[in-house]
Amino acid sequence: MSNESGDRTRSDEFSFFQDQRVRSGFYQVLAVAVVGWLVWYLISNTAHNLEARGMSTGFDFMQVSAGFDIEFKLLEYAPGVGTYADVFKIGVLNTLLISFFAIILSTVLGFFIGVLRLSNNWLVSKVSLAFVEVFRNVPLLIQIVFWYIGVFSLMPAVKKTLDLSFGAERLLLNNRGLYMAWPVPAEGFWMTVLAFGVAIVAALLIRHRALKRQAASGEQSNVLLLSLALLIILPLSVFFATGSPLAWDIPVLEGFNFVGGATVAPAFLALLASLSIYHAAQIAEAVRAGILSVNVGQGEAAKSIGLKPGRVMSLVVIPQAMPSIVPPLISNWMNLVKNSSLAIAVGYPDIVSLFMQTSLNQVGHAVEIVGLTMVFYMLVSLIISALLNIYNKRVQLVER
Amino acid sequence: MKFKSTLLTTTAVAVSFLSGVGVASADSTLETVKDRGLLRCQVGPPSPGYYNLDSDGDWYGLDVSICRSVAAAIFGDADKLEIQSVSSQARFTALANGDSDLLSRTATWTMSRDTQLGLDFLQPNFYDGQGFTVRKDSGITSAMELKGAKVCVTSGTTTELNLTDFSRQNSLKISNVTFDDYNVRDDTYLNGGCDAVTGDKSSMAGNISSFPVPEEHMILPETLSKEPLAPAVRHGDNQWADIVRWAVYALINAEELGVTQANVDEMRDSSKDPNILRMLGAEGNLHEGLGLDKDWAYNIIKSEGNYGEIYERYMGGGEQGLGIDRAGTLNALWKDGGLMYAPPMR
Amino acid sequence: MAIVTLEKTTARPAPLSETTALGWLRINLFSSVFNTVLTVISLYVVYLTVSSVFTWGYLDATFIADNRRECYKNSLTGACWAGIINWFNNMFYGRYPDAETWGVNSAAVILILWMAPLWMSRVRGKILIAVSVVVFYPFLAGYLFAGGAKSLLMNIMVTGAIVAFALNLLNTLAGLFTDTSIKEALIKVLGQSTAAEGTQRKVLFALLVLCFAVVFTLQSNWLVTEVSWTRWGGLFLTFVISGIAMALSLPLGIVLALGRRSELPAVRVLSTGFIEIFRSVPLITVLFMATTMFPLFMPDGFFLNNLVQVIIAVTLFNACYMAEIVRAGLQAIPKGQFEGAHTIGLGYWGTMGLIIMPQALKHMIPNIVGNLIGLLKDTTLVSIIGLFDVLGMLRSISKDVPWLGLHKEPLVFGGLLFFVICFSMSKYSRHLEFKLSAGSRR
């Protein structure tokens, strides 16, 4: 005891620094101070440099009208009228559009190939292996250009347009894009939409009741057919009862190009194909690894209680594989959104192409434009990674 | 104790970092370049005719010759040069922030660039204009017939803007497809993805010559825009601007006076034309105003030749040339009806 | 009536399906209708791809020509490989002067020779080898690449590298032939094996100093022609950028990962913020920021060349990915390991450095190789901001007047090149994964 108290007196002069709280507090203050100073230092330098070089700053340019045209846009825009803010919005929407479709396609394709990799058909598993290895190991930029030049540019020319709807001229394909007849709702179409909504609610209710019954009595009932019938018949009958209030905007060859309907540009198709395939190859690997990580006994046990192979996968193996599939899957989605920034290579007007390239070249303001673009990507990624974190929290193994 | 020393070290490091990053005073550009012993001249990603790499990895082209001329004028050695290849988004910032001493890269001289970006554009070394390329069998003979057409264009320049302006003026409803790289643009056009290509006429002439069957394509007569392509320097250093400006003038004057790479020695020694003697430094003291040696112009001609020779080599029929005729264009000498006109050297 | 045979039943041959090619086909390709359909579709896809690629790339292709026009004269639709052949050197060395490429080559050979012993089981002292590579090799390689006059530090480090490399070679030979380390072999040769350990050490140290002094004087006259970084390019530059970025981002990533798992809230928030910000933006915007805006962030007169800016940007970007890999590796370590380390009285750094990191790093190796593949592919983006890496070089072919517009063939070539490099790395990573998981397989 005496010894211990003696030690304490001796170390009195240091005790302040040896206090755990003081130390951790000090380190934290130090970290914040260093980072804060660095940020301040960079900002003050930038401000000084911008001023010294006579470069104007601020976001006023966003209200200036942009003089260039945009080929593919989801918003109303006319050159000379639309502002750079509109250009920004169009770019954002275009990036989100391509990312959305590519995420869906790559996930479906990735799961498909991942399962095929484990197929017992030798050729199929080898072809899917080749698919994965080829598309994983070649830089995406090269792939995008390949799909554009090597595939979609080689589609027939306008005058030899392919009619995919067998003579009905509703779905046309040529090297300027995919042209589709597009429905234009007339007055009274809202009733059909309403009927469809009602059908969905009803189908969900039926399913809910069937599940409840299965849980209570163990009886399975097939509700698929009933729901499908409901979903198709109800809206259709309302549609015809209200007098088919829907017109079709049909693409027609006018001068150089088809006009009317909805068009998907070859650049979009090429980008969609390359992004989906590149990421599907990565996702396939994650899926394969996930399935392999599930103990073989699980599948064997499921088979032994008489489940069919398909149900073994969907009810036993995949649910257990999901915790190890989802994190790489979601980080793939994140990368996909970021990789869509390579769109400029084939002329798809995404945010980088419209805003960081064309707009930047017109108005300068590099700091503001690059900053805004980065903020956009950050927001998207943060939302996706928040999804991942929520999922991780839910499935994380609970340790002591 | 250990903790205290950590604290001391951290402070010491922070202080030394603060003081270490000192602010260097801005000398005149000529001084900086001479001290460095190297001219940093900015070009873009390779672009045929103006600046591109050969299979030995050396730069060549019309704009590269301007870089080399300035280096030759300052050092007497055109190889004391660092060519910087900078993307189009970064080009003006890289000049403004002092990374580059000189920008010589098909930059169009426009009012907004000249007045708002802190730059000074100097004597243009090429006059270009935007035009359209179409297939001959399309039957189009004038740009006014492009109503509703799809036109391929490269981004990163004023080309898109000019195209939209042209379409609006004449209510043609042209839709543009924008690319990053003109190879992809040209392939799209060749495969029929576009009805026409738009770009600077000079570079399009070069591109057509690389098509599988060049005879099937033609450039329409209309010119959409004025594109004076000029070297640029930072605003505010007049001596430096003078050096670059007069380097270009020396090339033009040399052509006018008949001084070539081959005869420049002979001209300096035995010419009777005082204009030539003054230019090549055999007479007078013109070099003093620029702060260069008296044989600055001689060094330029000796290493690069005159403007006509450079044009022939890279734009005309030379082995590395794009094969664009000069006669009758804006790039001919003023005596031949062009715009290449330099103030007298006296 | 006994149902007994007195003859011994001879073993029947294996069923045909197990021994003949036809049987193999039946089992593996046509076992069911669905499988047969899959097989036929796969075969058709393979046929279509292979035949069109073969026609374009070989049957109709031109291999010898002086310019693109000559290729066209040969065939309008086939590939023009002549341009690639003409530019072959550039794709590997960029604009590096032809006379000096031996420097790049020998740096590559030295690296391989230096690192190879790490994979040989009979060689001793692997940790020392790894440390010597990290400490000395960058200086030697840097000098071989850049050349010029050497500073005092450079002189010392180059000498150190030469000595270390020579010792490493001898050590490898000693290991391969006598199964001993260089130290033991030398002692034996010198006849000192019975002397006291202190004496042994002194003798060895004296030898080392002597070697160092001799090499120092010899190499001080050695001068490599100076090559400016602007002439670096091609695959060489791709490797330099991704190599340096990889080497730097690992330690930085470890620091960030530890920061993210730290118990100090401020440190955690800062590290997390840094990681998430860099991970959430495309590399191209970071590169752009680095080259365009970096000079704006710095005081007047502060100059960093483009290459350094790019390397910093790529390193920071990759460090954040590395941090996540390290974090995942740390998460895989059971809590008991931390507790055990605390029990024996280790502090934070002791726990991490001696117990946790060595285990975690082993788990992370496959992921790190995967990251390296990604980094190598991502490095191609530097071509967009004006560096002539391998993709930048490939794109320049189409701008060179004799080969104007030739851009598909270079892309295909680049794709193949990357495939070969990345595929072999991913094969290796699979092999590692397999080897490392050997302990936990049943």
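Okay, one definition before we start: two strands count as paired if DSSP finds at least two bridges between them. Keep that in mind, and keep in mind too that what you see above is a predicted model.

Val151(B) stands opposite Asn176(B), which sits in β10(B).

Now zoom out to the whole sheet. In what order do the five strands of this open sheet run? Reading across chain B, we get β10-β9-β11-β8-β12, and the pairing is mixed. In general, strands of a sheet pair through backbone hydrogen bonds, either parallel or antiparallel. Here the edges are β10, residues 175–179, and β12, residues 217–219, of chain B, and each of them pairs on one side only. If you ignore direction, neighbouring strands in this sheet are turned by 30° against each other on average.

Next, the helices lying on those strands. Helix α6 of chain B, residues 159–169, lies across β8, β9, β10 and β11 of chain B, and it runs at about 155° to β9(B). Then there's helix α8 of chain B, residues 201–209, which lies across β8, β11 and β12 of chain B and runs at about 125° to β11(B).

Why can we call it largely enclosed by the rest of the structure? Well, seven of its nine residues are buried, so α8(B) is largely enclosed. Among the buried ones are Lys201(B), Met204(B), Gly206(B) and Ile208(B). What do they pack against? The buried residues of α8(B) pack against β7, β8, α7, β11 and β12 of chain B.

Still in chain B, here's a pair of helices. Helix α9, residues 238–257, and helix α13, residues 296–304, pack at an angle of about 65°, with their axes 10 Å apart. The crossing of α9(B) past α13(B) is right-handed. On the α9(B) side you have Ala247(B), Ala250(B), Leu251(B) and Ala254(B), and they meet Ala297(B), Ile300(B) and Ile301(B) in α13(B). By class, that contact has seven nonpolar residues, no polar and no charged ones.

Last stop: chains A and C. Their contact takes 41 residues from chain A and 39 residues from chain C. On the chain A side, α3, α5, α6 and α13 each supply at least two residues. Which helix gives the most? That's α3(A), with 11 residues. By class, this side of chain A has 26 nonpolar, 11 polar and four charged residues.

Conventions. Residues are numbered from 1 along each chain as its sequence is written. Chains are lettered from A and ligands numbered from 1 in the order in which they are written. This is a predicted model: local features need pLDDT of at least 70, side-chain atom pairs count only at pLDDT 80 or more; totals for chains, interfaces and linings use all residues. Helices (H or I, at least four residues) and strands (E, at least two) are DSSP runs, numbered from the N terminus. Axes are lines fitted to C-alpha atoms, for helices over the stretch in contact, and angles run from 0 to 180 degrees between N-to-C directions. Two residues are in contact if their C-beta atoms, placed from the backbone, lie within 7 Å. A crossing is left-handed if the near helix is turned anticlockwise from the far one by less than a right angle, and right-handed if clockwise. Ala, Val, Leu, Ile, Met, Phe, Trp, Tyr, Cys and Pro count as nonpolar, Asp, Glu, Lys and Arg as charged, and the others, Gly among them, as polar. A residue is buried if 20 or more other C-beta atoms lie within 10 Å of its own, exposed if 12 or fewer, and partly exposed in between; C-beta atoms are placed from the backbone.
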